[in-house]
Amino acid sequence: VQLVESGGGLVQAGGSLRLSCAASGSIRTINDMGWYRQAPGNERELVAYITSIGRTNYADSVKGRFTISADNVMKTVLLQMNSLKPEDTAVYYCNVGGLDTTFRGFRSWGRGTQVTVSS
């Protein structure tokens, strides 16, 4: 299973970015799709995830500012990021879990996309 992320970049504080992640490969079903981030010197942390039935969960630090959505038919997950702050600066990673066409469970990571928020 391959994940391709796009949408990162440089933005001023208060601005917006939208991240996209497209999954491809031998996918039978997707159970959940999410975004993590890792800033220099920090551990990777959960930003948000969404399940196949639409349940979402957000880190407290992004609640009210970020919105996650997914299209399991298209195997795409989006992260709309508004009111960005300098502390949102990090490499953002897509993460997807599900079953492949051999009914084996998988969990895949994208390569990451850089988000930089200037003050």
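**Core.** I looked up the largest nonpolar core first: it has 30 residues, and Trp-35, Leu-79, Met-81 and Tyr-92 touch the most other members. A nonpolar core here is a set of buried Ala, Val, Leu, Ile, Met, Phe, Trp, Tyr and Cys residues joined through side-chain atoms within 4.5 Å. Buried means under 20% relative accessible area, exposed over 50%, and partly exposed in between (1.4 Å probe, protein chains only). Among the elements that give two or more residues to this core are β3 (17-24), β4 (27-38) and β9 (90-100); strands are DSSP E runs of at least two residues, numbered from the N terminus.

**Ground rules.** I am reading a predicted model, where local features need pLDDT of at least 70, side-chain atom pairs count only at pLDDT 80 or more, and totals for chains, interfaces and linings use all residues. Residues are numbered from 1 along each chain as its sequence is written, and side-chain values use heavy atoms, with hydrogens and water left out.

**Disulfide.** Which cysteines are joined by a disulfide (sulfur atoms within 2.5 Å)? I found Cys-21 joined to Cys-94, S to S 2.1 Å. Cys-21 sits in strand β3 and Cys-94 in strand β9, so the pair ties together parts 73 residues apart in sequence. The link is left-handed, with -85 degrees about the S-S bond. Cys-21 is buried at 0% relative accessibility, and Cys-94 is buried at 0% as well.

**Gln-38.** I then went to strand β4 for Gln-38, which is partly exposed at 28% relative accessible area. Its contacts (heavy atoms within 4.5 Å), leaving aside neighbours within four places in sequence, include Glu-43, Ala-90 and Tyr-93.

Methods:
Helices (H or I, at least four residues) and strands (E, at least two) are DSSP runs, numbered from the N terminus. A disulfide is a pair of cysteine sulfur atoms within 2.5 Å.
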